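Take a look at the model first, and then we will walk through its surface and its strands.

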Amino acid sequence: MGSERRGVVMLPPASLGARPAPFTPQPTNRLTYDDEVFLRTATVIGVPVVAQSAWRFPAEIPVEAVQEVVEELARGPLNRLVVRPRAIGARSRWVPATTAEPVRLHPDRIKPDQVMAWLDTTADEVPFDPVAGPLWAFFMAHTTDGGTVVTYNASHIVCDGGMKLGALVAAVRRQPLPRLPMTEAEAEGTRKDDRRDARTMARAAARGLRAARKAGKPPVLEAQSSEKRPLPAPQPDDDVVQEVAFAGADCPAEEWNAAVERAGGTSNALQVAISVEVLLEAGIVRPGEPVKMSLPVSMRGEGDLRSNATSGVSIAVETELRDGVGRVTDLAHIRERSKKEFSALFKGTRPDPIAHIAPLAQMIPDRLAKPLLKGVVTPLGLASNLGRPDPDFVAPFGVAADSILFRALALGATRGELRRMRGGVTSWWSEVGATCTFGIRALDPDAIPDSERLKEIVTTVYGRWGLVPAFW
C-alpha cells in the first residue's frame, strides 16, 4: 500500500478524455488486490477513501434529469456490494446491490462561494458501507446565481476513475452494461467456493514468491520521498480528526496553455511542476534536490469490469533555488521521464515487486494485516491528469458544465494518521471548454494546516507561472 498506486488518499484515474471501450464479461467476481487495498483502508485502517466528481453548471438542472441518470447507473456494474469470504485465504466477492440512493437535492439555494463547503458535507450523508451499501450517491444544489452544482461521490472500493467514468457515460448513453457476478452460481456462493478460491490464492502466492525472488529489488529512485521523511513523534492532538486542506482553482485554458508553451512542456508536466512547487513553498521538500512524484495510469482494457484497474509510475522531478525561491523550471525533463516510465510500464519491463506478492498480501486476514498497515505511507506527491473528459461526462444531464472538479476524500483521517503516513500533496487536473481546473489536497497537517493557507500557496505558485486562480 505504500506505492504510488496504493496510497491512502488518492484517486488513481483513467484517461477521462478517451471514450470508454465496450464492456464484456470478466471471468470472476472476486475482488482484486487493488479493490482489497481500498476495502482494508476503510475496514482495517478506518479511513474510507471516497472519490468526488463535481460539476458546476451555468443553468438550473432539474432534479428529474439527474435522477434519470442515477436510475440508469443503478442497473449497471457500479451498483455492487461486497460479501466477505467464509474461508481463510479466500477473496471477498462482489454481488449486485438491489437498491440505489436517490439523488439528494439540497433544500436551499447556496451562494457560489459556499460550494466547496457544501461539497464537503455530502461525503457525510451516506455511510459508504462496502457490505451494506450504498457505495455511491449523487447530490445536487441550486445556486443563488441561477446555476447548479452536482456531485457524484463513490467509494474507491467500487471504482477507480475508469470504472466511474465508463459506468456513468454508459448510463447517459442508455447503453446497458453487464453486471458481476455473471452467473447465478457465482451470485449464490458457498463455503466450498471460498475454500476453492483459497487454494487458488495459495498457489498464486507460491508462484508470486518465487517470481519475486527471481525479480530482485527494483532500482532506487534518488529523490525526496515519503519513505525518507522522518517518522514524527507522538503529539497531543494526534487523535483530532483533520479537515484536510483542499483548493480547487479554475483558470482560462488559453492562459494555462500559454504557460505550457512558454516553458516548452505539456499540461501534465505543468501540473506536476506546480504540485512540486506547492511542496517547496510549504517547506515540505528542500530546493536543489529531486522530488519523487507518482503518476497514476489506467490499465483498463476493453470489456474490463474490474472496480480498480490502475497502476502508476514514479519520476524524480528536479528542483532548484532561484532568487531565493524553490522552483521547477524545466518541464522537458518531466515530460521525458514520464514518457520513459510509462513506456516501460506498458511494455512490462518496469519491475513491480508488489504485483508478485499481491496474492499473499490479499490472503492475510484483517486481524494480522492491521499491525502491518501501521507503517503505510502515502505519496509525497501524486498528480492525476484527467485531460479533456468525454463530452457525455461533461454534459450528463443535457447541459455542458463550465468546470469539473475531481478529488478524493479520506473520511475521518486524524492528524496523527496523516503525520504517520507522511504524505505531501495529491493533485487533479482537467480541461472543460474554456476552463482548466486544478484541484490539490495537502496531506501534511503541520505544513499546510487548512485550506486558506493552501489557497495562499497556490496563488503564489500560480503567479510565478503567469496564472491567476479563481477558487471554487
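## A charged helix

Let's begin with arginine 203, which sits in helix H6, residues 191-215. Helices here are DSSP runs of H or I with at least four residues, strands are E runs of at least two, and both are numbered from the N terminus. Arginine 203 is partly exposed, its relative accessible area being 48%; buried would be under 20%, exposed over 50%, and partly exposed lies in between (1.4 Å probe, protein chains only).

Arg203 also belongs to a positive surface patch, whose other members include Arg191, Lys192, Arg199 and Lys214. Patch residues have over 30% relative accessible area and no salt bridge, with like charges joined within 9 Å and nonpolar side chains (Val, Leu, Ile, Met, Phe, Trp, Tyr) within 5 Å. A salt bridge needs a side-chain nitrogen of Lys or Arg within 4 Å of a carboxyl oxygen of Asp or Glu.

This is a predicted model, so local features need pLDDT of at least 70 and side-chain atom pairs count only at 80 or more, while totals for chains, interfaces and linings use all residues. Numbering runs from 1 along each chain as its sequence is written, and side-chain values use heavy atoms, leaving out hydrogens and water.

## A nonpolar patch

Leu209, Ile357 and Leu360 make a nonpolar surface patch with about 210 Å² of accessible area together. Isoleucine 357 lies in helix H10, residues 353-363, and is partly exposed at 37% relative accessible area.

## The sheet

Five strands form an open sheet with mixed pairing, in the order E4-E5-E6-E1-E13. Its edge strands, E4 (104-105) and E13 (403-410), each pair on one side only. Pairing requires at least two DSSP bridges between two strands; E1 (residues 49-57) and E6 (residues 148-155) are antiparallel over 8 bridges. Serine 53 stands opposite tyrosine 152 in E6.

Key: Accessible areas come from the Shrake-Rupley method with a 1.4 Å probe; for residues, only the protein chains shown count as cover. Lys and Arg count as positive and Asp and Glu as negative; His and the chain ends are not counted. The place of a charge is taken as NZ of Lys, CZ of Arg, CG of Asp or CD of Glu.
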